[in-house]
Amino acid sequence: MGLSIKKLFRSRETPETERVASVEITDQQVQEAVTEVYLRELAFWTCVGKIANALTKCEFRTFYEGKELFGEEYYTWNYEPNRNQNKAEFLSKAMEQLFRKNELLIVENYDGQLLVADSFSVVKNTLYGDTYRDVLVDDYQFSRSFRSDEVLHWKLNNKDVNAIINGLYNSYSKLIEYTAQSYLKSRGSRGTLDISAVAQSDKNFNEKLKMLINDYFKTFFNSNNAVLPLFEGYEYKDLGSKTYSEGTSRDIKHQYDDIFDFTARGLSMPPSLAKGDVQDTSKAVDEMLTFCLDPLVQMLQQEINRKRIGRAQIMKGTYLQINTTKVKHMDMFDISTPADKLISSGLYTINMLLRAIGEPQINEEWANTHMMTKNYAGIEEILRELSSSAQKGGVKEDGKTD
């Protein structure tokens with residue numbers, strides 16, 4: 001990521017400094033600004049990385065007229081979208097573009113490669129569809145333009161959430177900076193320097209004072225064990241032990257955590273996942289699937305289906321489906337009882353269940369057969385059996401049936 005000093009400090013300049021030709025920037029300002037950028041990037045990549053990793057675990061399943069098909073389209077989305085990227089790398093770049101720029105454009109090269117555009121321009125046309133020009137992928141600039149039906153284009157939100165989050169960063173960073181300065185100030189060495197009238201009348205007073213402040217005191221405060229030499233007429237009194245406050249470095253850490261909270265909420269992610277908390281992880285993952293990943297998957301597969309498959313084929317049962325069942329880690333011992341219910345109810349075959357947990361499938365016909373226990377029956381069938389049993393048994397003289 002390139003660092004633009006001009007952009008970093010544009011928000012820091014006061015109206016007075018904006019009117020001058022040049023602005024003096026200190027090393028401390030550069031360090032503070034770079035720290036803020038690193039913190040923003042860490043929060044952003046923590047959230048987007050988790051979303052991209054979850055999407056990578058999803059299987060892009062392809063169906064042709066109702067039957068699952070393992071062909072070129074399946075291989076492209078699940079293994080090799082293009083020559084230079086595998087599925088994980090491709091989706092990581094795609095999610096960065098989508099969440100950083102609020103839109104994502106994927107174009108198809110003449111040889112079938114899917115490429116994530118780094119930049120592009122759009123010529124709007126409501127009636128006949130937009131035209132995409134100046135498409136740049138890495139260091140390659142396409143000379144041709146693309147029609148809207150030739151590209152996959154997504155917009156995440158009507159409003160750029162990332163821009164709103166950055167605006168919140170700019171305001172909140174001032175509070176973090178103030179807290180950090182207060183903590184350092186409360187933990188710093190402080191004291192008073194008494195200078196006698198005789199010392200002040202010395203003709204070399206300015207040179208001695210400058211040497212004392214810039215050299216002697218600097219070395220003294222930066223050393224673990226040191227002795228402070230003083231000129232005649234100078235007396236230093238330490239006040240460091242009286243300036244400590246109740247604040248701790250944990251206060252700054254909590255404010256850093258707030259940055260992760262802002263970012264996660266802006267991306268519809270549970271903040272606990274962004275911060276790496278392990279409490280109630282299962283509930284947090286369920287929330288992420290429900291409010292973040294599932295809507296994202298729906299948006300992705302709708303665009304893929306309408307552009308790459310089309311209405312006519314979709315009506316015949318041909319479509320692409322992004323399956324999110326593999327996002328959560330499944331332990332075989334934990335799912336043994338639910339697995340039995342899925343098979344005995346006829347909902348899943350053995351091979352369907354093996355595929356869902358990532359195990360090799362069985363090459364036998366019975367493994368693809370839906371099975372159901374005899375405990376399951378329709379209410380009409382149960383009533384018929386009861387009625388038939390009553391008629392066969394008859395009624396005895398004592399009123400009891402056989």
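Which residues is N102 in contact with, leaving aside its neighbours within four places in sequence? In this predicted model, where local features need pLDDT of at least 70, side-chain atom pairs count only at pLDDT 80 or more, and totals for chains, interfaces and linings use all residues, N102 is in contact with Q97, W154, K155, L156, N157, K159, D160 and V161, contact being heavy atoms within 4.5 Å. Residues are numbered from 1 along each chain as its sequence is written, and side-chain values use heavy atoms, with hydrogens and water left out.

N102 lies in the loop between α5 and β3; helices (H or I, at least four residues) and strands (E, at least two) are DSSP runs, numbered from the N terminus. With a relative accessible area of 6%, N102 is buried, a word that stands for under 20% relative accessible area, with exposed for over 50% and partly exposed for values in between (1.4 Å probe, protein chains only).

**Strand pairings**

| Strand pair | Bridges | Sense |
|---|---|---|
| β3 (residues 103–108) and β9 (residues 151–155) | 5 bridges | antiparallel |
| β3 and β4 (residues 114–116) | 3 bridges | antiparallel |
| β1 (residues 59–64) and β2 | 2 bridges | antiparallel |

β3 and β4 form a hairpin with 5 residues between them, and G112 in the turn has a positive phi of about 90 degrees. Elsewhere, an open sheet of 3 strands has the order β2-β1-β12, with antiparallel pairing; its edge strands are β2 (67–68) and β12 (319–323), each of which pairs on one side only. Y64 has K67 in β2 as its bridge partner.

**A residue of β4**

L114 lies in strand β4 and counts as buried because its relative accessibility is 1%. Leaving aside neighbours within four places in sequence, L114 is in contact with T76, W77, P81, N82, F90, I106, V107, E108 and R308. Although L114 and V151 are 37 residues apart in sequence, they are 9.6 Å apart in space, C-alpha to C-alpha.

**Cavity and cores**

The structure holds 1 cavity of 30 Å³ or more, a cavity being a set of points, on a 1 Å grid over the protein atoms alone, where a 1.4 Å probe fits but cannot get out, and lining residues being those with an atom within 4 Å of a point. The largest cavity has about 70 Å³ of space, and its lining consists of F60, W77, F90, L91, A94, M95, L104, I106, W154, L300 and I304. These lining residues divide into 11 nonpolar, no polar and no charged.

A nonpolar core is a set of buried Ala, Val, Leu, Ile, Met, Phe, Trp, Tyr and Cys residues joined through side-chain atoms within 4.5 Å. The largest such core has 47 residues, of which L55, M95 and L293 touch the most other members, and α11 gives the most to this core, with 10 residues. Not counting residues up to four places away in sequence, L55 touches F60, K87, L91, M95, L293, V297, L300 and I322. A second, separate core of 10 residues includes L115, A117, V137 and V151.

Notes. Two strands pair if DSSP finds at least two bridges between them. On a 1 Å grid over the protein atoms alone, a cavity is a set of points where a 1.4 Å probe fits but cannot get out, and a pocket is an open set with protein on both sides within 12 Å along at least five of seven lines; lining residues have an atom within 4 Å of a point. Grid points are joined across faces, edges and corners, and a volume is the space filled by probe spheres set on the points. Ala, Val, Leu, Ile, Met, Phe, Trp, Tyr, Cys and Pro count as nonpolar, Asp, Glu, Lys and Arg as charged, and the others, Gly among them, as polar.
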